[in-house]
Amino acid sequence: MAFNKFNVLHWHIVDDQSFPYQSVTFPGLSKKGSYSSSHVYTPNDVRMVIEYARLRGIRIVPEFDSPGHTQSWGEGQKDLLTPCYNGKEPSGAFGPINPIWNTTYSFLSKFFKEISTVFPDEFIHLGGDEVDFDCWASNPEIQDFMRDKGFGRNFKKLESFYMQAVLDMISAINKNSIVWQEVFDDASKLMPGTVIQVWKVEDYTQEQSKVTEAGFPVILSAPWYLDWISYGQDWKRYYAVDPLSFEGSQEQKKLVIGGEACLWGEYVDATNLTPRLWYGI
């Protein structure tokens, strides 16, 4: 990264499949949610990564994505995920984080306080993408909560309710937030300075226009998904992108703070990581 003048590593450190981050406050998260006891990032591992990066001029921005992408969280934190229902009976399955229980926010507040002390960067990425509403819709308690709040059947409003609470937590610990574009699209009341990461390929220039017109900073990722390499000279397409080629004023374009090349694990592992990562750079 340093050789190629990349200066930020966005570390998507946990997901549905595994919770490898070893929390001091909540050790059960990795103890029960990681692939195994050896598939974890210990506090010392994290310190070493941060220091190794710092010496090369690289910041580490951690992402703890919620309320979706959290199946592994539920292994080690009881009553965090939403119980799904089949009619009037629990199905035994669980969905996204339960946004209506006070215990959810008590847990998250303590957890993010720890994260704020472990990672020195000013930003924490809070995710907010790809939330499946089916489980929320099946749960009678959530249905009652939605009625009481006047949300009707608009589960985007419920997600916004959750995200606003988490964003408030991050502000309270003097950190700034990055979120995926759905959080903006779903009309959450975002604090000034919240960074929106634009990742959906469809109409991403229009999304940049909307986000910057609303006054929010942008990170652009949509045209640089390295795990989507197809066949042939993809690098030409990557290099042809102009992050400022969207409709908007010069003031809007000043809000584009950078681009990010993304590399997800669906088609990438240790056997093809190196050529896939550096092919497009």
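Hi everyone, and thanks for coming. Please keep in mind that what we have here is a predicted model.

Let me start with the whole chain. The protein has twelve helices and nine strands. Its radius of gyration is 19 Å, close to the 19 Å that the globule rule gives for 281 residues, so the protein is as compact as a globular protein of that length. If you follow the C-alpha trace along its principal axes, it spans about 55 × 45 × 40 Å.

The protein exposes about 14,800 Å², and 53% of that comes from carbon and sulfur atoms. As for charge, there are 25 positive and 36 negative side chains, with the centres of the two sets 4 Å apart.

One more number before we zoom in. Take the contacts between residues at least 6 apart in sequence: 64% of them join residues at least 24 apart.

You'll find Gln77 in the loop between α3 (73-76) and β3 (81-86). Is Gln77 buried or exposed? Gln77 has a relative accessible area of 18%, and because buried means under 20%, Gln77 counts as buried. Setting aside residues up to four places away in sequence, Gln77 touches Phe26, Leu29 and Phe107.

Next, Ser116, which sits in helix α4, residues 102-118. Ser116 is buried too, with a relative accessible area of 17%. Which backbone oxygen does the side chain of Ser116 reach? That would be the one of Lys113, at 2.7 Å. Not counting residues up to four places away in sequence, Ser116 also touches Ile173 and Lys175.

Beyond its neighbours within four places in sequence, Ala261 is in contact with Trp224 and Leu226. Have a look at Leu220 as well: Ala261 and Leu220 are 41 residues apart in sequence, while their C-alpha atoms are 8.7 Å apart in space.

Terms used:
Residues are numbered from 1 along each chain as its sequence is written. This is a predicted model: local features need pLDDT of at least 70, side-chain atom pairs count only at pLDDT 80 or more; totals for chains, interfaces and linings use all residues. Side-chain values use heavy atoms; hydrogens and water are left out. Contact means heavy atoms within 4.5 Å. Helices (H or I, at least four residues) and strands (E, at least two) are DSSP runs, numbered from the N terminus. Buried means under 20% relative accessible area, exposed over 50%, partly exposed in between (1.4 Å probe, protein chains only). A polar contact is a pair of N or O atoms within 3.5 Å; within protein, one must be able to donate a hydrogen and the other to accept it, and residues adjacent in sequence count only if both atoms are side-chain atoms. The radius of gyration is taken over C-alpha atoms; the globule rule is 2.2 Å times the number of residues to the power 0.38. Accessible areas come from the Shrake-Rupley method with a 1.4 Å probe; for residues, only the protein chains shown count as cover. Lys and Arg count as positive and Asp and Glu as negative; His and the chain ends are not counted. The place of a charge is taken as NZ of Lys, CZ of Arg, CG of Asp or CD of Glu.
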